[in-house]
Amino acid sequence: MKLFRHILICLGLLSLTAPMAMAAADKGVASEVVSQQGTTVRVNQGHIELAAVDQAATFSLYSITGQLVKSVTVSAGSTMTLDLPKGVYIVRCAEGQWVKRVMVR
């Protein structure tokens, strides 16, 4: 646990006290949609959907161990769907300056 905390501190992700998004149903079929400052992240049918409403947004996805899995930029008014293996991911939005945790089932 100390290693995980150290990794999050190094990545600047310790602000996980913000509201978190977790898949609500088995197998990731439905989930709670988290929308903040013109950006949205949700898990739908086992896929992570990232959306930018007003302006382009850069999202970084980390494994639960703190390792960068993917970094993507979503154009304004667009949605990007990511097909990642089952697990817990930390999603960080640079423009909205928020961090969320999502679970792909």
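**Exercise 1.** Determine whether Ser60 is buried or exposed, and which residues distant in sequence it contacts.

*Solution.* Step 1: Ser60 has a relative accessibility of 12% and therefore counts as buried (buried: under 20% relative accessible area; exposed: over 50%; partly exposed in between; 1.4 Å probe, protein chains only). Step 2: Ser60 belongs to strand E4, residues 57-63 (strands, E, are DSSP runs of at least two residues, numbered from the N terminus). Step 3: With neighbours within four places in sequence set aside, Ser60 contacts Leu68, Lys70, Ser71, Ile90, Val91 and Arg92 (contact: heavy atoms within 4.5 Å).

The model is predicted: local features need pLDDT of at least 70, side-chain atom pairs count only at pLDDT 80 or more, and totals for chains, interfaces and linings use all residues. Residues are numbered from 1 along each chain as its sequence is written, and side-chain values use heavy atoms, with hydrogens and water left out.

**Exercise 2.** State the strand order of the open sheet and explain why one side of E5 and of E8 lacks a neighbour.

*Solution.* Step 1: The order of the four strands is E5-E4-E7-E8, with antiparallel pairing (two strands pair if DSSP finds at least two bridges between them). Step 2: E5 (68-74) and E8 (98-104) are at the edges with a single partner strand each, so one side of each has no neighbour in the sheet. Step 3: Seven bridges join E7 (residues 87-93) to E8 in antiparallel fashion, and Arg92 stands opposite Val99 in E8.

**Exercise 3.** Locate Gln45 and describe its phi.

*Solution.* Step 1: Gln45 is in the loop between E2 (39-44) and E3 (47-52). Step 2: Its phi is near 55°, a positive value in a residue other than glycine. Step 3: Most residues other than glycine have a negative phi. Step 4: Gln45 counts as exposed, at 57% relative accessibility.
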